[in-house]
Amino acid sequence: MYGVPLHAMQLSLRLDDQEEEPPQGEPPLFSLAAPSVGKPRLTTLPEQPARSRALKMSPLCRAFRNLFFPGATDPQWSDWRWQIQHRIRDLATVRRMVRLTAEEQKALELAGNMLPMAVTPHYMGLISATDPDQAIRRSMIPTVYEMRRCPGEADDPLGEEHQSPVPGLIHRYPDRVLLLATDFCSSYCRYCTRSRVVGHGAITPGTRRLQMIFDYIRSKPQIRDVLVSGGDPLTLSDARIEFILSNLRAIPHVEIIRLGTKVTTVLPQRITPQLTRMLRKYHPLWMSLHFLHPDECCHETQKACGLLADAGIPLGSQTVLLKGMNDNADVMRRLVHNLMKMRVKPYYVYQCDPISGSEHFRTPVSKGLEIIRSLRGHTTGYAVPTYVIDAPGGGGKIPISPDYVAGKDAEGNLRLTNYEGGTYQYPDYIQA
Ligand code: SF4
């Protein structure tokens, strides 16, 4: 299944993403090109002889599947459990799919106690086999640089361990808590803030631990908002997710439930009609979706977001600013525009937390401010995320923004700078 040599990837290029794809014909190129998000679609198709419908997939994922999982049927590939069972997790397998650099190869050989490597076949299909600087590849394939600890870095920079009254529950803000449902993810991001815990099997969705969490929340009437995260809670079964949601919904003072997940990009097959039918019973339910780069917004991800939005779930994105991956105004603009088209509100851009081994991922804060400045006024305000630093030591999220206020003049007028650099005045003489 994995025995296809790298040179076999030089196939023909297909950029279209039509509703049906013929089951026969040339497989597409294992290409570095971005998926065709946003391309105008055909409204009428030329008449063709009838043909059997095939699973609609992003061209890159289809090419990858044809090469490395040629025996996988459409139902198998579309099954999230199959995707998890067939995750790519070891050096020998990765090496057949990706031309590894020395830094990547060494990291996979040394592995040890570091954050495990795992990538779903779907997400691996979006990874470039030949470009080690590709954003999605850098987010998934480890390098030796993550074994280097630099000044200011820590395993738990946000001090979550000190704000955990019950195992797997973080209570930092007065009115809301973070419930870690599991430490399992279908794919592991190399820059994960919780890399100290995820993937090691220490946080499981066992009933006893969850009951302790429900008891704690029940005992604190000020908690009105629960974020269920992890690990990735949507890697649990529908029944287990419903167990968590129904118990939370039964607590009268819990007004809002939020789910944090990355499955819409790494495992979009997880978003099924059955899941969304169950989720919609627990409104008001919100979702925070983890996005990195516009290349993630493939057909499968668009479909998953559409199912969630159609279930009435407000969707917001969270994106970590990462050096050489998305710290670029054009990349970030394409990302927020793709998100808007998928009915996902760009919500937060995070300054990368100083976790151990993260220096090669971190940007100067000035880069984040520059990106926000490039968005504000240049696109709709809905598409402009809030840029935040999660304060090391447990201080919570602190928003930072370019300064558009240039002080007051002698008459008390507020001097403002607009998105084009023009100066304007507002008569700010009303006393409080
Ligand atoms: S999906 Fe979230 S919890 Fe899992 S590795 Fe990525 S950032 Fe960490």
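**Sheets and ligand shell**

An open sheet of three strands runs in the order E10-E11-E12 with antiparallel pairing; strands are DSSP runs of E of at least two residues, numbered from the N terminus, and two of them pair if DSSP finds at least two bridges between them. The model is predicted: local features need pLDDT of at least 70, side-chain atom pairs count only at pLDDT 80 or more, and totals for chains, interfaces and linings use all residues. Residues are numbered from 1 along each chain as its sequence is written.

- E10 pairs with strand E11 (residues 413-417) in the antiparallel sense through two bridges, and Lys408 stands opposite Leu414 in E11.

**Parallel strands around E4**
- Five of the six residues of strand E4 (residues 256-261) are buried, so the rest of the structure largely encloses this strand; buried means 20 or more other C-beta atoms within 10 Å of the residue's own, with C-beta atoms placed from the backbone.
- Strand E3 (residues 225-230) runs parallel to E4 and is joined to E4 by four bridges, with Val228 partnered by Leu259 of E4.
- E4 also pairs in the parallel sense with strand E5 (residues 285-290), over five bridges, and Met287 in E5 is the bridge partner of Leu259.

**Ligand surroundings**
- Residues around the ligand include Cys185, Cys189, Cys192, Asp232 and His290; a residue is near if its C-beta atom, placed from the backbone, lies within 6 Å.

Conventions. A residue is buried if 20 or more other C-beta atoms lie within 10 Å of its own, exposed if 12 or fewer, and partly exposed in between; C-beta atoms are placed from the backbone.
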